[in-house]
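This report describes selected features of one protein model, moving from its surface patches to its strands and salt bridges. The sequence and structure are shown first.

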Amino acid sequence: MYDDFDQDEIDEILQDQEAEKRAVRGQIKYLDVFRRKTRGKVEDRYVDPTDGRLGILVIQASSPIYNSRNRTTWRRTYIDNISPYFVRLAYWPTGGTPESFDHWGRDEWIYAGLRWLPSCIGILICMFGPTDAGGQVRNNGFYDPFSYRFWTYPKTARNVFENRLSSRNLSDIEGRSIRPRKLCFLDAITRDNPTGVLAEAEWNDRNPKYIFISYTADQFRRRCKTEGDCRCERCLIAIADAKALHKVARVATKNAGVPAYWTDQNCMSTDKEEFSKDIYRISDVDRNSHSLVIILGESGGGKAKKIPELLVGWGTRMWTFPEALLAPPHKEVLVYRRGDEDNPVAFSRLELSHQTWAKDEFRLRVRELIDHYDNTLTLSRLELVVILLDCLLSRETTPWAEGDLAYALMGMLRQQPNTDTSDSAFQAFARLSLVNDSDRLLERMICLLPKDPLKFNSRDRHYWANLDDFWDAKLWDVEPICQIAAIGMDDTVIIDGAYAATIHWNSFRRVAVTTKETWTRMISRGLLRLTPVYLLSGIAALLSRSTQVGIAFMTLTAVFMLISPILILHIYGGKVWSTQPWLFGFEGYLPIKEIEKRIFGFPQNRLTWAPYSSTLSQHRPLESFLKNECRGVDPTKNAATKHLVDRGPTAEYGQARVFTLVDTNTMTVTLFTAERPPVVALLCGSEGGMQRAIMCSYDWPTQTLYRETVLRMETRVLEKMSRVGRVSFGLRRNVQGKPDTWPNSCLETTALANEGNWA
């Protein structure tokens with residue numbers, strides 16, 4: 001059984017089997033970056049950057065949210081002030097008063113005076129202990145990394161040698177069709193072969209020139225799926241529709257002066273596997289045809305509708321759209337109507353698009369596609385795919401497979417990978433994108449933030465195709481800095497080479513700050529440290545009856561003690577030259593001065609609002625000193641944002657919530673919305689002089705990062721951020737509704753939905 005394994009591997013397998021017997025039912029396995037094997041119950045967790053282990057996700061929240069009922073799956077704590085006590089005491093007398101003394105009145109002076117002496121005494125007591133207010137310089141001055149490694153096989157790797165033997169390779173390209181498999185020849189029609197269909201081997205010396213027949217199943221119905229000679233009402237109508245279709249097709253073939261025609265009703269294989277391949281080779285059949293013929297009509301032979309109305313119905317279908325685009329260029333398209341086949345209408349492709357899609361929201365894009373395929377206008381590969389996606393998504397179709405959209409798109413691109421019926425719509429598109437030279441389409445797509453995330457709801461299989469970016473960036477505006485290495489399971493891709501940083505949610509940390517060391521700071525620091533010495537020396541002198549010396553020391557102590565708040569604010573204030581990079585987060589909103597006070601002890605305009613980082617960011621010009629200065633402003637000045645913040649305590653599970661991100665490297669604060677708190681910032685591309693940071697939550701049972709939102713960060717953050725190896729990434733987290741029976745810390749994922757009991 002273990003002949004192919006080393007002894008160490010056999011021992012490990014046996015140990016795993018024994019551990020499996022002792023495991024509690026419902027616990028989930030997890031292998032961390034150091035190959036430590038752990039098990040745990042299903043709850044929100046994050047990867048601790050200090051040791052690589054899973055930690056329970058605890059989110060600090062503003063007071064209104066912390067004091068409200070927890071309707072989330074994560075735990076909450078209050079936002080603590082982590083600055084040293086002596087710094088807080090130094091700011092305490094003047095806290096809550098105007099910054100400038102010019103604006104102080106009698107009440108402010110009394111307020112500060114009553115607090116001054118208690119503050120000084122408290123500082124003196126603190127001076128007897130350690131007084132290091134600086135934080136730790138860690139990770140060589142870098143952000144905390146994301147300690148992660150993806151251990152499992154992907155579904156399909158970009159490099160064939162990374163696949164399991166059972167995986168289908170991306171290099172398996174579907175061969176292009178040179179000739180149709182079958183054609184309907186007019187001279188082959190007999191009583192036994194009423195449609196004249198012949199396979200390629202039976203053509204002999206016949207001229208293979210043919211017309212391509214395009215129609216819709218709404219106008220010419222298909223038979224039901226019952227095997228055998230079914231005579232239900234639907235099948236009887238379908239038989240009559242098929243006879244009418246072939247009748248018109250024969251007339252069109254004679255008028256075109258060619259010997260044959262092609263229609264999918266008779267010219268595709270009856271073998272199930274070959275039939276599925278033929279569906280996606282229709283585009284080649286269309287390209288090779290003499291001309292395109294469109295046959296319109298009403299199922300059952302009705303004549304109430306006119307050609308313009310029928311043509312619009314024909315144009316709403318997804319599969320007829322590429323048939324019009326790929327028809328031989330510079331040839332007229334003939335439109336026939338059932339029951340009136342002697343009066344066809346001829347259209348140029350441009351006029352056909354006007355007649356068919358005049359009221360379509362993408363009619364101008366259809367014009368661009370026609371110009372491209374007529375070789376009168378050249379679209380880039382990115383432009384072509386984006387326009388095709390937009391147009392195909394607006395069409396209707398009867399699903400044949402999950403990846404129908406990608407397969408319809410495949411016919412209009414050069415490389416056509418073998419289809420995989422197990423692929424979802426996203427996986428089929430990812431396979432097509434990786435095979436074609438599409439200018440790193442997927443890498444660019446993941447960096448976009450949909451303007452309307454509800455446009456494709458959570459149940460829509462084409463949710464990933466929303467390319468309408470909030471900042472109006474196009475795919476070609478994004479420059480990727482990572483690579484898609486493979487297609488993963490459950491609508492995921494494997495990203496390699498992205499930059500990543502862990503976000504700390506449970507509390508702020510003291511931030512190591514570099515300021516200019518001036519002589520005034522040196523003297524102030526020395527006086528503060530000498531104050532306890534003077535006090536002890538004065539007490540000792542008084543006890544030893546050296547009254548004058550004791551009074552001198554006590555006087556110095558009193559003077560230094562009374563000015564100690566000023567000295568401390570001077571030492572730890574001033575301009576910040578560099579800081580230890582951290583990403584801090586909390587749920588809700590706080591004024592920026594309050595955030596700065598809870599991190600540094602007192603506000604001094606160190607932090608600023610990011611002007612254009614998130615969907616909630618606001619900015620305005622400030623011209624009091626520098627003309628056209630761009631200044632970020634508090635997002636809650638916007639009424640809609642203020643409403644989101646106020647709704648936070650009552651937001652239901654699954655609704656967008658307001659979170660705040662503090663970056664101590666750029667010293668900026670960003671307010672953003674997401675359904676879940678992201679635990680990792682994943683930088684995958686740049687756009688407009690900013691980095692696109694994908695804010696990801698972590699689904700640890702599947703080791704997958706899921707996009708919660710996208711922020712824009714300054715490019716200089718890359719200097720302080722480390723790359724992460726391959727990560728499993730998904731655009732949509734499949735979280736189901738939260739049952740009332742679940743504990744507050746549990747969540748359900750698709751991969752675990754079938755578990756009977758939770759540990």
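Which helix gives the most to the nonpolar patch? The answer is α4, with three residues.

## Basis of the description

The model is a predicted one, in which local features need pLDDT of at least 70 and side-chain atom pairs count only at pLDDT 80 or more, while totals for chains, interfaces and linings use all residues. Residues are numbered from 1 along each chain as its sequence is written, and side-chain values use heavy atoms, with hydrogens and water left out.

## Surface patches

The nonpolar patch on the surface is formed by L117, I121, I125 and L562, which together have about 360 Å² of accessible area. Patches are made of residues with over 30% relative accessible area and no salt bridge, with like charges joined within 9 Å and nonpolar side chains (Val, Leu, Ile, Met, Phe, Trp, Tyr) within 5 Å; accessible areas come from the Shrake-Rupley method with a 1.4 Å probe, and for residues only the protein chains shown count as cover. I121 is placed in helix α4, where helices (H or I, at least four residues) and strands (E, at least two) are DSSP runs numbered from the N terminus. With a relative accessibility of 39%, I121 counts as partly exposed, a class that lies between buried (under 20% relative accessible area) and exposed (over 50%), using a 1.4 Å probe and protein chains only.

A negative surface patch is formed by D6, D8, E9 and D11; Asp and Glu count as negative and Lys and Arg as positive, His and the chain ends not being counted, and the place of a charge is taken as NZ of Lys, CZ of Arg, CG of Asp or CD of Glu. Of these residues, D11 lies in helix α1 (residues 7–22) and is partly exposed, with a relative accessible area of 31%.

On the parallel side of its pairing, β26 meets strand β22 (residues 608–609) over two bridges, with W609 opposite V669; two strands pair if DSSP finds at least two bridges between them. Strand β25 (residues 657–663) pairs with β26 in the antiparallel sense over seven bridges, and D663 stands opposite T668. β25 and β26 form a hairpin with four residues between them, and M667 in the turn has a positive phi of about 55°.

## Strand β16 and its partners

Four of the five residues of strand β16 (residues 483–487) are buried, so β16 is largely enclosed by the rest of the structure. Its antiparallel pairing with β7 runs over two bridges, and T156 stands opposite I487. β16 also pairs in the antiparallel sense with strand β17 (residues 492–496), over four bridges, where I494 is the bridge partner of A486. These two strands, β16 and β17, form a hairpin with four residues between them, and D490 in the turn has a positive phi of about 55°.

## Salt bridges

How many salt bridges does a search of the whole structure find? There are 36, a salt bridge being a side-chain nitrogen of Lys or Arg within 4 Å of a carboxyl oxygen of Asp or Glu. One of them joins the side chains of D423 and K155 (2.7 Å, N to O). D423 lies in the loop between α13 (404–410) and α14 (425–435) and K155 in the loop between α4 (106–126) and β7 (156–157), so the pair ties together parts that are 268 residues apart in sequence. Both D423 and K155 are buried.

R598 and E594 also form a salt bridge, their closest N and O atoms being 2.7 Å apart. These two residues are four residues apart in helix α19 (residues 592–600), a separation of about one helical turn, and both are buried. Elsewhere, salt bridges that share partners join D469, E687, R692 and R712 into one network.
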